[in-house]
Amino acid sequence: MYMSDLILVNVTEEIVRGLVSFLLRGPEYQTFCKCEICEFDTVALTLNALPSKYVTSMEARDEAFKEMNTPESIERINKEIIHVLHVVNKYPRHKVEPTS
Ligand SMILES: [Zn+2]
């Protein structure tokens, strides 16, 4: 194994980042703030509520991704994200509406 093959990633984070980005831009959350602060806060709060899944190789990453990318698993993660989206939308860390 070469050093360049070595990674350290939380596969849960990868999945949550993707789902948050997707959900926020969907029709249900049109009125929700989509600024980077709110998006990052949503990702962070969701990740604090879910078990992390760290891996150190691309092979393990692909395996973990496959395991986590099932309808039941995605539904469970989406449920947590949606809960957090409403919390962040109600209590954003910024006062004024950002432009984005
Ligand atoms: Zn915001």
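**Helix packing and cysteines**

A: In this predicted model, helices α2 and α4 cross in a right-handed manner.

Q: Which residues of α2 and α4 make the contact?

A: On the α2 side they are Cys38, Asp41, Thr42, Leu45, Thr46 and Ala49, and on the α4 side Glu80, Ile81, Val84, Leu85 and Val88. By class, the contact of α2 with α4 comprises 7 nonpolar, 2 polar and 2 charged residues.

Q: How is the geometry of two packed helices described?

A: In general, one states the angle between the two axes and the distance between them. Here, α2 (residues 36-49) and α4 (residues 71-90) cross at roughly 135°, and their axes come within 9 Å. The pair α2 and α4 is therefore classed as oblique.

Q: At what angle do α1 and α3 pack?

A: Helix α1 (residues 11-24) packs against helix α3 (residues 58-68) at about 55°, with the axes 9 Å apart. Accordingly, α1 and α3 are oblique to each other. The crossing in which α1 passes α3 is right-handed. From α1, Val11, Thr12, Glu14 and Ile15 meet Arg61, Ala64, Phe65 and Met68 of α3. The contact of α1 with α3 has 5 nonpolar, 1 polar and 2 charged residues.

Q: How many disulfides are counted?

A: A disulfide is a covalent bond joining the sulfur atoms of two cysteines. With a cut-off of 2.5 Å between cysteine sulfur atoms, the count is 0 disulfides.

Q: Is cysteine 33 buried or exposed?

A: Buried means under 20% relative accessible area. Cysteine 33 is at 15% relative accessibility and so counts as buried. Cysteine 35, with a relative accessible area of 5%, is buried.

How values were computed
Residues are numbered from 1 along each chain as its sequence is written. This is a predicted model: local features need pLDDT of at least 70, side-chain atom pairs count only at pLDDT 80 or more; totals for chains, interfaces and linings use all residues. Side-chain values use heavy atoms; hydrogens and water are left out. Buried means under 20% relative accessible area, exposed over 50%, partly exposed in between (1.4 Å probe, protein chains only). Axes are lines fitted to C-alpha atoms, for helices over the stretch in contact, and angles run from 0 to 180 degrees between N-to-C directions. Helices (H or I, at least four residues) and strands (E, at least two) are DSSP runs, numbered from the N terminus. Angles under 35 degrees count as roughly parallel, over 145 as roughly antiparallel, 65 to 115 as roughly perpendicular and the rest as oblique. A crossing is left-handed if the near helix is turned anticlockwise from the far one by less than a right angle, and right-handed if clockwise. Contact means heavy atoms within 4.5 Å. Ala, Val, Leu, Ile, Met, Phe, Trp, Tyr, Cys and Pro count as nonpolar, Asp, Glu, Lys and Arg as charged, and the others, Gly among them, as polar.
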